[in-house]
Each structure stands twice: as structure tokens, then as C-alpha cells.
Amino acid sequence: MRNWIEIGNLSDIPLRGARCLETPAGRIAVFRTAADEVYAIEDRCPHKGGPLSQGIVHGTGVTCPLHNWVMSLETGEALGADEGAVRTFDLKRDGDRIFIDAAATAVAAAE
Amino acid sequence: MSERKKLVVIGNGMAGCRAVEELLARAPDIYDITIFGAEPEVNYNRIMLSPVLAGETTFDEIIINGRDWYDENGIALRAGEEVIAIDPAGRQVLTDKGERTGYDRLLIATGSMPFIIPVPGAALDGVIAFRDIADVRRMTAAAGKGGRAVVIGGGLLGLEAANGLRTNGMDVTVIHLTDTLMERQLDEAAGFLLRRELESRGIEVLTGASTEEILGENVVEGVKLKDGRVVPAGLVVMAAGIRPNISLAQKAGLECNRGILVDDFMQTSDPCIMAVGECVEHRGQVYGLVAPIWDMCRAAADTLAAVDSDGYGGSVTSTKLKVTGVDVFSAGDFAPGDDRDDIVYRDAARGIYKRIVIFDDRIIGAVLYGDTQDGNWYFQLLKDAEDISESRETLIFGPAFAGGATADPNAAVAALADTGEICGCNGICKGEIVGAIHEKGLTSLAEVRAHTKASASCGSCTGLVEQLLSLTLGDTYNPAAVEQVCGCTELGHDDVRRLIKAKELKTIPEVMQELEWKTPDGCAKCRPALNYYLVCDWPEEYADDYQSRFINERVHANIQKDGTYSIVPRMWGGMTSSTELRAIADVVDKFDIPAVKVTGGQRIDMLGIRKEDLPAVWADLGKAGFVSGHAYAKGLRTVKTCVGTDWCRFGTQDSTGLGVRIEKFMWGSWTPAKVKMAVSGCPRNCAEATCKDVGIICVDSGFEIHFAGAAGLEIQGTEKLGLVATEEDALEHVVALVQMYREQARYLERIYKWAKRVGYNEIRRQIMEDGERRRAYFDRFVFSQKFAQVDPWSERVSGKDKHEFRPMADIGFPRAAE
């Protein structure tokens, strides 16, 4: 049984933007795309640790603010010529409310 | 034959009657049927209410089954009699007239209820939903009195209501919560086209607008928005969505979630009770469209008639807006994704937008605007999950495609009107250029320049002139390749800038539509560029899109490699005071700022500040009179000065005063790339003005203006623009030069690169020799400063963009893990 923790509403996140979650697993970036889809990934670019939450969101990707790596919000993998990946976290939507899988954030912390 | 069983249907709407029709077709003789309907009407086609409201058809024409149908089939219709309770144990229903009716099988088809948003005033007289024929009659009656109607909700139903009310002569305002109309069915580009069409019909559309209260004593008088705006209204139509009507089922103890839970055979948790239509939830889905309901009715009829079937397997839905003259179609899933491919077709001239979303060689979604005739073809391919890899290249052109055509790179300029301005420097329109090419038999860029002057000055319209040559002369002309802005477009920066002006494009979605962008919402390269171009060209009208700005400009601080930020407050002309220095020292102590550095631009940088602390740091600095130094901006950074005649024994003019004056005049302006300036008080040049973007060297006879220096990746001394006599002249020339750069340069192009491309002499000619042009540049800069000179730090101290500086949530360690 998954334990879902409510983290806020869709409207808390700017369209084509992101907000951060502080968790035992570290900082998680929660993105909202132009199509109002939400994704959660580790807020740490695999390249040099840049805060992905601060990047420009386009399609279902985000461009890292430090050195312009483009990461997929869906798979967590780097797009284009770069190689690397960040952890992704499952989110659940109930109308406007957004939930994150508590277990995933805790397990990540234990690793 | 055994005795007939009793079937009771609750709901005389589209689903209830359709299920009965399907049943009669399969097994006309096994049930005695009774249908209860709360409305005192026969069965009518609810989805045609919009055309009734718009006066395009009448109620009689949308009746599906008249009284004779009920009679002929021996159905007992109890219209106007509402079922108020179900007794599953006793297998009977109770109505509001106190009648009890027994059943062997019960079919619930109670449909859905309009969602009335819970705001004060929602119960006032004049606030209505748009659900049944009675609502339509109320709207038509209200429209007879004229005045303004507000429609809350810019979804399918809301827009149909708005159009209908407008057709009935009312003034109409649509209030929509999100930024895109019909956002569940349309993407941003199609939403933009739809909005433009509705606005051209006189319907006012307010997006990103949230209703706070409906005003009025007993009768509605207006709607108040959360941002404080008040829209007066004599009629308010709530079209904010629908909710499955499940109260009867819930009271009867049937399992419900959002809707009444049914299996593939439309069976509820009670074996004698079935349900169909908008009131049910099937495999987690609730439907509000007619096609899935017809499928459910077939499955229900199979079950009732005991016909073997696979049941109902769920539906993929498609939508069409029923507003005459507006063609919108959407189906499936059209959210973007890395593993999905988008095929986008835009025809700006005809207002057509088509987007097909492909996953694993299959169509999974489609949005069509303006030309929807192929919608059903795409929808069929989608439902059949047909492999389209063979026909992929021509898919977007539809089934009628005969082969040959590919996207035309000249389409945007082809679509431009003859009066569209191509060359801004010389004021030459498309018509003049095309005319000259025809009449004078011109065949090259040089000839066009010689005859029309187009592209002969700054040259930024060269790409467009070449496209016109190509359009007019056909294959005999081969334009030079233009470097594209990014992979999202065929156009180069200069073409995009010129077309934004010529076509008066004022939002990013509008640019992407009209210039036929290939991606749905651009990328991190083109979005900041477009945002700058629009800020520059339409200072009054354009709403800066912060999500299209690089992080530094979005939060007004410089991101560092560890994710912390640095900030630099403005020190006008490099001058400071004990009060300012003390305030900085206090802030450094209070917030434990790890590093403080004196910059090359004569001011102080505080490094390593946590993002959450930024507003508090700015608040303290603000109290000491500091404003943002824009050290993060593609905009005016610093104006370095030396101490000039105030202190220096060699100083010839008040260089400090002039530097401060220029900085106070120009701060806050956005530019294509950063702009650094300096004013030196004598030719010894202590402020190093001759390697700046713009520099001034004071001399006895006045002020020498320099430009196009560089001291970064490349090192280059400035070029001399000219000598002017007074401080006023110096300011006017410098401002005009920067405005010319703002209007012409490509995004991220520094002044020295722009100047080299345009030609130093051309810039001298426009700024030094052409006084009228210089003053026009100056005036445009001054106008744009009216909107730009707002200190971003104090705005954020006052709460703007709060969300940027706070985490969304803080999740502690779960207890189990401790």
C-alpha cells in the first residue's frame, strides 16, 4: 500500500515552472508543464549538481540553469548528446491536489 | 412465454432513453418499462441546446423521442415526477409524489449536475447554469432585456453559452481560471486562435481570472474577481464543469466514487441495479461526452437482454466545439513528451493550426483548429491504433493528400499584407519591394537595395527581402542561408524581429502561431529571445513572461555553482556612503553571507545567499535606500566613473555627475545582452571608458562618445561615435544609440557584434547626423522606461512572486523510518 503525502495544489506551481520540496531524500523539484502535467525529479543536475527547479521548462523537459543540460521530466534522463540521469518520483493527482509517494522519498534517503 | 419483468429507468435523458432504444432493438418483449424524468419534457438532444440558444434551431427540432414513441413501445413515461429514493432490499423506487414502483431491474441514468462554484452570491437571482432547456429559456429571456452577461468557465459549455448570448445581442464576458481556453481539449496555440476568434465576435475573454464573489442584493449585479476587478452583469452563467449526479445511488448504498461504480456490463454493486451515462464511473473514468454514453447504452442493453457480449471497454473521446464558424477538434492525449513526436502544421494566413501527437508509430492525440475536416480521419486512426510509420511524412496533410508539398519557409512573409513594413530603417513596405522587383526587373539583393533602400541601412531585414525575391522570382533566386533562432523555427532572429513588428505580434503563443513554430511551446533558446523582443517592441502592452526568462532575471539575483545566489545593489556611478556601507555590513552579519567582493563595475557583490533569504536581505537593503543593481540582467549594468572635476586636478567635466545621471536615466531597461558603460573625466581615461559597450571621454570642448568596445571573451577598443557639446546632448546620443541597439540586435548579441554587423558608419549616420531619427529613438526609450523602471527587489519584498522563494512543502522523515 503506497502512502501518499499531499504536497499542495496545481495552482501553487507556475505554468511552465517548478517548486521545491524539502525531503529526507534531499530537495525534489516538482514541475508543471504547459499541458498542466506534473512531474517530480531530484533537484540536482547529474552534470554539476545544478538546481533543475530553477531552469526553463519547455515541452516535458527542463534546461539546467548552470550549463544548459536538458533533462527529461518523464524519464529523468539527459536529452541530446549529454549522458546522465536524475531520480524521478511518482506523483498522484486528485483534481488540483498533488501527492507524492512518501515511501519513495524515504527509501531514497536510506540509500 | 413467461411473464414480463419490470424495468424501471430513472432518467429520461439521452442515456436512459438510448439504453431503452437499444434494448427494444434487441428484445422488445421481455420487459414492462417505466421511465421517470424529473424534467416535465419528453426526451431531447441535450447537446443541441447550444444551437437552440444561438437561435440556429428550435426545441421541437431537437426532440429525439416524442410522446408517440413512448406509446408505441408501451413505455410508461412519468415526466415531471422525480425519484427521491431507491429501496434495493424491497426492489422499489419512491417518487416525490409519494408513489412506490417495484422493479426487477433498475437502470440509473441520472446524468450530471452543473457544478456551482461555492462563492458568496452564487444563489442570487440571475445566476444560472447551462444544463437544460429551462436554462436556455431563462437565458433567452434575460437576453431580451440586453445588458452584459458574465459566463464563468471558458470550457466547451461556457464558450457555447457565451456565443449564444452574444448572438442574442448581449455583451458577454467570459471568466476563465487558467490561461488557456478549453485547456482540457486544446493546447496553448489552438486556445490562442480560439480566443482571438471569440474576441473578434465581441466576446470579452479574461483568462487567469478567478471569481471571488457574485455581487448583488437579491438580483445579480456583477462579478468580483480575486484581483479586485469588478465586471457588471445582469446575468451570470455558471459553466465551471459538471459533477455526476450520484446522490440517489449513494443514499441507496451503492458503491460510488466520483460516479456510480459500474463494471464492463454496466452493473452496479447491486446485481439488480445498472447505471449508464454521465452518472457512472467506469474503470476510473467519468465521461461528459455523448459518444462513450452511446457505447455504454449498447453494453447495458446487451446485459438487460441477456445477449452475450464483451461489455464496454472504455472510450477514447473527441470533442468539437459547437460554435458556428469556429472549427475546433480535439481527441486523445496531446500533452508533450520526450517519447512522443509532434507533427505541427501552421498556416498563419488562413488561421489554421494542426497538431498530431505520435507515440510508438501510432496517433495518440490530435488538436485541429480552423480546418477540422480531417478530424474524424485522425480520430479513426487513433482509435484503431493504426501503425502510421508508412504515411508519417504526409499525415498532417490529411487523407486527401496527393504528394509533393513540403513546409514552405517563405510562408510567413508570403502571408504578410502589402502594407506590412519590411525595412524599419527606411520605412519600406512589402508592396513597394514586390512592385519594384516586378516593374524594374530586379534580380538581386543589391539591386533591391539600390532601388528601394530596403535592407540598405542596418541590414536586419535582409532575410525578408531575400524571401520576397524568392517568392516573386521563384526558383531563379537562391537566398543565402540564414542562421535559425533555434531548432523550433526556420527563421533567423532578424526575420523574427521584423515580423513581430510588421504583423504586430504581441504574445509568445501568437508569434509561434503566426511564424509557424515547429514545437508547441518553444525551448530555452527561443523563449527568452521572444520574450525580450516583445518587451522591447511593445513595452506598454506586453506582459513579461517570467517563465521564459533565465533564472537570474526571474529572481533578480545571480545563481552560483552551488545553487546559492549573489546580489549586487546599485551604487550610482560607483559612489557610496557610510550609511550604505554600514547597511551592507549589517546585512552580511545578519544573514551570515559568506563572501563579499568589490566588483569591476565599482560596486559590492554579496555571494552565497540562500534563495529563501533573498526577500529578507532585499528588505534590509531597501531600508538603506538600495535598489537592484541588475547585475544579473541582459540590461543596463553599471556606469563606471572617475571623480572628475569634483576632486581630480586633471578633470575637465563632472564625469561622476554625468555617470550618475545616465545610470538614473537608463536603469531598469532590458537590452539584447548586458550593457556596461563608463564616463571618464579626461583622456587619461581612469574609468576605462574605451573598452565599454558605450563610453564617454570628457574633454575641454565637451563629450566624446565611444561605442562598441569589448573586454571579455574578445578584447576590442571602442569606435568613436562623435563629439557633443553638452551633458544633455551626451545623454540624448547615448540613449538613442542604446535604443537603436535594443531595436535591432539579435538576442544575446553584444553591442560590438551588432555594430560590426550593421556598420559603424550606418550607426554614426543615424545617431549623429539624423537628428529627427535620434530624437525618435530617444523618445521610444523614454516611453519604454515608464514601464521598466520599477525596482524588482522592492516589488518582491512586497510579496510579488512569493512562490519563487519558498519551498512548496517540507516533508519530514516518516516516523517509520526513525
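Let's start with two helices of chain B, α22 and α24, which are oblique to each other. This is a predicted model, so please keep that in mind as we go. Helix α22 covers residues 727-744 and helix α24 covers residues 760-769, and their axes come within 10 Å and cross at roughly 135 degrees.

Now, who is touching whom? From α22(B) we have H733(B), A736(B), L737(B), M740(B) and Q744(B), and across from them in α24(B) sit I763(B), Q766(B), I767(B) and M768(B). Sorted by class, that contact of α22(B) with α24(B) has 6 nonpolar residues, 3 polar ones and no charged residues.

Let's compare that with another pair. Two packed helices are described by the angle between their axes and the distance between the axes. Helix α12 of chain B, residues 445-452, packs with helix α13 of chain B, residues 462-473, at an angle of about 105 degrees, and their axes are 10 Å apart. That makes α12(B) roughly perpendicular to α13(B). On the α12(B) side, the contact uses L445(B), V448(B) and R449(B), while α13(B) brings T462(B), V465(B), E466(B) and L469(B). Here the residues divide into 4 nonpolar, 1 polar and 2 charged.

Okay, let's step back and look at the whole chain. Chain B has 26 helices and 41 strands, and its C-alpha atoms fill a box of roughly 120 × 75 × 60 Å along the principal axes. Of its 818 residues, 54% are buried. If you take the contacts in chain B with a separation of 6 or more, 62% of them join residues 24 or more positions apart.

How is chain B divided into domains? The assignment gives domain 1 (5-112 + 244-304), domain 2 (127-240), domain 3 (327-397), domain 4 (411-545), domain 5 (552-628) and domain 6 (636-792).

Let me finish with a few single residues. R18(B) has its place in helix α1 of chain B, residues 14-26. Is R18(B) buried or partly exposed? R18(B) has a relative accessible area of 22%, so it is partly exposed. Setting aside neighbours within four places in sequence, R18(B) is in contact with W294(B), C297(B) and R298(B). There are 25 residues along the chain between the positions of R18(B) and N43(B), yet their C-alpha atoms are separated by 9.6 Å.

Next is E514(B), in helix α15 of chain B, residues 508-514. E514(B) is buried, at a relative accessible area of 7%. Not counting residues up to four places away, E514(B) touches R196(B), A348(B), A412(B), K503(B) and L505(B).

And here is a backbone detail. Most residues other than glycine have a negative phi. E516(B), in the loop between α15 and α16 of chain B, has a positive phi near 60 degrees. Q602(B) is not a glycine either, and its phi is positive at about 65 degrees. You can find Q602(B) in the loop between β32 and β33 of chain B, where it is partly exposed with a relative accessible area of 25%.

Methods
Residues are numbered from 1 along each chain as its sequence is written. Chains are lettered from A and ligands numbered from 1 in the order in which they are written. This is a predicted model: local features need pLDDT of at least 70, side-chain atom pairs count only at pLDDT 80 or more; totals for chains, interfaces and linings use all residues. Side-chain values use heavy atoms; hydrogens and water are left out. Axes are lines fitted to C-alpha atoms, for helices over the stretch in contact, and angles run from 0 to 180 degrees between N-to-C directions. Helices (H or I, at least four residues) and strands (E, at least two) are DSSP runs, numbered from the N terminus. Angles under 35 degrees count as roughly parallel, over 145 as roughly antiparallel, 65 to 115 as roughly perpendicular and the rest as oblique. Contact means heavy atoms within 4.5 Å. Ala, Val, Leu, Ile, Met, Phe, Trp, Tyr, Cys and Pro count as nonpolar, Asp, Glu, Lys and Arg as charged, and the others, Gly among them, as polar. Domain bounds come from an automatic or database domain assignment. Buried means under 20% relative accessible area, exposed over 50%, partly exposed in between (1.4 Å probe, protein chains only).
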